[in-house]
Amino acid sequence: MDIDISPNSLHVYQALDSEVRLEILEIISGETVTATELAQRMNISKAAISKNLHILEKANIISFKKNADSRKSYPVMNIDQINIHFPQKIFPEYLKKAYDIPIGNYFAINHVVPSCGLSSESSLISKMDDVNAFFSAERFRSQILWFTQGTIEYIIPNELPADSKIEMIEFELEMASEFPLSNNNWHSRIGFWINDNYIGETELPGNYSDVQGNYTPDWWPEKFSQYGLLKHLRVGELDTSIDSNSISNVKISDLNLSDSSRLTLKMSVLPIKNDVYGGLTLFGEHFGNHRQNIKANVYYSD
């Protein structure tokens, strides 16, 4: 049963405002008894029991059923819980909008420096270290892409209902650093922006080829990058985190996302030191260790 604090619900509150009626509810919740039996057990007159049962029935908390021969009736519970709705939502219910973003569906790619390239599940897209491959119409088939320096940006539409409030946003993606062929011990710094707001950075420890990726095609050379690490980027009420480790004090309220028609995620390779860059490799659902594209979840309240 759902009630509020309007006068329409007052009869429910009044029905519960009695130790006698609460005891009656406790008894009939566990066993079948008649009004006469209730009066005897509670040492109350049958008239008083009948009056209290009538109040509970009027509030639709109980009803009466007859036994098999229809000669006796007994009270039964109509409900097993009562929810009270107050006017102010202190803890709003979160809703979720989920997006699946193929890695080749980027909106912008800038300042890419070799080594770089893209490949579909079945073949290279253009040739190795050809920057123009990133502007090819074939890029949408990409299942792995990599570059030593540069920036890549993805866009998802803001399809939330009008007047809703974004409470948290998260991205999940498989990624590694980039090294010609591969290098399991090759660090890289990756910076993140949401709607052009810098939210923090993470470090990727290597570009892995020690074993074949779970979903990496057999034709892909074994000395090339095979898999990455599944990273979970989240901007919430308190901070921004990667894999539950805080990377900045940027909060979701700092980003003013609710009024934006789109949400963007930009990633950029940052220098390790001076002019040393560790690069970035992204894996789609048919490469690497995880059967997924980039996943985005937007949590919001009405």
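Visitor: Where is the place of threonine 281?

Guide: Threonine 281 sits in strand 17, which covers residues 280-283. Please keep in mind as we go that this is a predicted model.

Visitor: Is threonine 281 buried or exposed?

Guide: The number to read is the relative accessible area, and buried means under 20%. Threonine 281 has a value of 1%, so it counts as buried.

Visitor: Which residues is threonine 281 in contact with, leaving aside its neighbours within four places in sequence?

Guide: A contact here is a pair of heavy atoms within 4.5 Å. For threonine 281 the partners are Ile144, Leu145, Trp146, Glu174, Met175, Ala176, Ser177, Glu178, Asn207 and Ser225. With glutamate 178 there is a polar contact, side chain to side chain, at 3.4 Å.

Visitor: How far apart in space are threonine 281 and asparagine 297?

Guide: Their C-alpha atoms are 22 Å apart, and in sequence the two are separated by 16 residues.

Visitor: Which residues have the most contacts inside the largest nonpolar core?

Guide: A core of this kind is a set of buried nonpolar residues joined through their side-chain atoms. The largest one has 45 residues, and those with the most contacts inside it are Leu145, Phe147, Ile152, Tyr154, Met267, Leu280 and Leu282. Take methionine 267 as an example: beyond four places in sequence, it touches Gly150, Thr151, Ile152, Tyr154, Leu173, Met175, Ile190, Gly191, Phe192, Leu280 and Leu282. Another core, of 19 residues, lies apart from that one, and its members include Leu53, Ala59, Ile61 and Ile79.

Visitor: Let's turn to the helices. At what angle do the axes of helix 2 and helix 3 cross?

Guide: To read a helix pair, look at the angle, the distance between axes and then the residues that meet. The axes of helix 2 (residues 19-30) and helix 3 (residues 35-42) cross at roughly 115° and come within 12 Å. The crossing is right-handed. On the helix 2 side the contact is made by Val20, Glu23, Ile24, Ile27 and Ile28, and on the helix 3 side by Leu38, Arg41 and Met42. By class, that contact has 6 nonpolar, no polar and 2 charged residues.

Visitor: And how far apart are the axes of helix 3 and helix 4?

Guide: Those axes are 9 Å apart, and the helices pack at an angle of about 115°, with helix 4 spanning residues 46-58. This crossing is right-handed. Here Ala35, Thr36, Leu38, Ala39 and Met42 of helix 3 meet Lys46, Ile49 and Leu53 of helix 4. The classes in this contact are 6 nonpolar, 1 polar and 1 charged residues.

Visitor: Now the backbone. Is the peptide bond from proline 114 to serine 115 cis or trans?

Guide: Omega is the angle to check. For this bond omega is near 5°, and the bond is cis. Serine 115 belongs to strand 6, residues 108-119.

Visitor: What is phi at serine 126?

Guide: Serine 126 has a positive phi of about 65°, although it is not a glycine. You will find serine 126 in the loop between strand 7 (124-125) and strand 8 (144-157). Its relative accessibility is 43%, so serine 126 counts as partly exposed.

Visitor: And where does aspartate 243 lie?

Guide: Aspartate 243 is in the loop between strand 13 (240-242) and strand 14 (245-248). Its phi is near 50°, a positive value in a residue other than glycine. With a relative accessible area of 31%, aspartate 243 is partly exposed.

How values were computed: Residues numbered from 1 in each chain as written. Predicted model: local features only at pLDDT ≥ 70, side-chain atom pairs only at ≥ 80, totals over all residues. Heavy atoms only, no water. Axes fitted to C-alpha atoms, helices over the stretch in contact; angles between N-to-C directions. Helix = DSSP H or I, 4+ residues; strand = E, 2+ residues; numbered from the N terminus. Left-handed = near helix turned anticlockwise from the far one by under 90°. Nonpolar A, V, L, I, M, F, W, Y, C, P; charged D, E, K, R; others polar. Core = buried A, V, L, I, M, F, W, Y, C linked by side-chain atoms within 4.5 Å. Buried < 20%, exposed > 50% of the residue type's maximum accessible area, 1.4 Å probe, protein only. Polar contact = N/O pair within 3.5 Å; in protein donor to acceptor, adjacent residues only side chain to side chain.
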